Amino acid sequence: MLNHDQATDYVRRYHGVPPEILTDGTWLLTRRAFWLSLVDGAAEPDLVGELFDGEDDDLEAFDDEVRKSGTWPVLNLGPLAFVSWHGSDFEGGYDYVVLPENTGRCLSIASMEGHGHGPGLSWPEARRLVDHGTLGTPGQRLLLILPALGDAAVPDEAIPQVAAALLAAGNPGCDPAVADHAARQLLADEAGWTWQGETLTCDFEYSVRNPNGLSPADLLLVTRTLAATAPS
């Protein structure tokens, strides 16, 4: 969860929304449709359809459940939080925010919505969040941050990890080759990451971690918060 200062900082971009709307979202981990929502549209529909083909994989029903809850579920990955927000007229999306310690701030680095932005994470940063997180299982953490990840240098070893996570979250009886093919598509990206002094930056124009995105001070703060290690 977010503390009060972080929640207040997050909702200030939404007129009239109280910080109390942000609530514990760990129940999302139990919904297959939630995992489907993270990959829907990011891989070939036929592949996604084979991975998630059960009666519990109803995106519309899942969206209705979240909206009727009257809350914005939050999943905490330590220095990074996932927020499922929604508004009127079917507005809504997923937001990934960095939580710098002792600042009370929420810095959005990636967003899945109509006017989304990203990527927000390099592979080393994503790997660290998966390895050192405590939320759910490592596979769940990997799938959760996948929409925020974009790195042309993702190693081949990531493919079977994502494939295994897809099978665990979706249809375990699915052909492993389908999961492998979907994993390759989900990981494919052309974004490059480079160090500018102590700051890790992304070269993709729609990433706020581009030098023309966040302020230099905030770019450095994000890098330090995600605890990436600069090359020596």
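Colleague: How much space lies in the second largest pocket?
Modeller: This is a predicted model, and the figure is computed from its atoms. The lining of the second largest pocket divides into seven nonpolar, five polar and three charged residues. The space in that pocket is about 330 Å³.

Colleague: Which residues that line the second largest pocket are the closest to its centre?
Modeller: The second largest pocket is lined by 15 residues. The closest to its centre are Ser-37, Asp-63, Gly-92, Gly-93 and Tyr-94.

Colleague: Which element gives the largest share of the lining of the second largest pocket?
Modeller: Two or more lining residues come from each of helix 4 (59-69), strand 3 (80-86) and strand 4 (92-98). The largest share is five residues, and the element that gives them is helix 4.

Colleague: What volume does the largest pocket have?
Modeller: The lining of the largest pocket holds 13 nonpolar, seven polar and two charged residues. Its volume is about 430 Å³.

Colleague: Of the residues that line the largest pocket, which are the closest to its centre?
Modeller: Helix 2 (32-39), strand 5 (107-112) and helix 8 (176-187) each supply at least two residues of this lining. The lining has 22 residues, and the closest to the centre are Ala-42, Leu-146, Pro-147, Leu-149 and Leu-186.

Colleague: Is Thr-199 buried or exposed?
Modeller: Thr-199 is in strand 7 (residues 199-202). Leaving aside residues up to four places away in sequence, Thr-199 touches Thr-194, Leu-219, Leu-220 and Thr-223. Its relative accessible area is 11%, and the cut-off for buried is under 20%. Thr-199 is therefore buried.

Colleague: Which residue stands opposite Thr-199?
Modeller: Strand 7 pairs with strand 6 (residues 193-196) in the antiparallel sense, over four bridges. The hairpin of strand 6 and strand 7 has two residues between the strands, and Gly-197 takes a positive phi near 70 degrees there. Opposite Thr-199 stands Gln-196.

Colleague: What does helix 7 reach from its first C-alpha to its last?
Modeller: Helix 7 (residues 158-169) has twelve residues. At 1.5 Å a residue, 16 Å is expected, and the model comes close to that. Helix 7 reaches 17 Å.

Colleague: What covers the buried residues of helix 7?
Modeller: The buried residues of helix 7 are Ala-158, Ile-159, Val-162, Ala-163, Ala-165, Leu-166, Leu-167 and Ala-169. What covers them includes helix 2, helix 3 (45-51), helix 5 (123-132), helix 6 (138-145) and helix 8.

Colleague: Is the peptide bond from Gly-118 to Pro-119 cis or trans?
Modeller: Pro-119 lies in the loop between strand 5 and helix 5. Omega for the bond from Gly-118 to Pro-119 is near 5 degrees, and the bond is cis.

Colleague: Why does Asn-102 count as exposed?
Modeller: Asn-102 is in the loop between strand 4 and strand 5. Its phi is near 60 degrees, a positive value in a residue other than glycine. The cut-off for exposed is over 50%. Asn-102 counts as exposed because its relative accessibility is 83%.

Colleague: How many Å apart in space are Glu-60 and Val-39, C-alpha to C-alpha?
Modeller: Glu-60 is in helix 4 and counts as exposed, at 60% relative accessibility. Glu-60 and Val-39 are 21 residues apart in sequence. From C-alpha to C-alpha, Glu-60 and Val-39 are apart by 15 Å.

Technical notes:
Residues are numbered from 1 along each chain as its sequence is written. This is a predicted model: local features need pLDDT of at least 70, side-chain atom pairs count only at pLDDT 80 or more; totals for chains, interfaces and linings use all residues. Side-chain values use heavy atoms; hydrogens and water are left out. Buried means under 20% relative accessible area, exposed over 50%, partly exposed in between (1.4 Å probe, protein chains only). Contact means heavy atoms within 4.5 Å. On a 1 Å grid over the protein atoms alone, a cavity is a set of points where a 1.4 Å probe fits but cannot get out, and a pocket is an open set with protein on both sides within 12 Å along at least five of seven lines; lining residues have an atom within 4 Å of a point. Grid points are joined across faces, edges and corners, and a volume is the space filled by probe spheres set on the points. Ala, Val, Leu, Ile, Met, Phe, Trp, Tyr, Cys and Pro count as nonpolar, Asp, Glu, Lys and Arg as charged, and the others, Gly among them, as polar. Two strands pair if DSSP finds at least two bridges between them. The expected span of a helix is 1.5 Å times one less than its number of residues.
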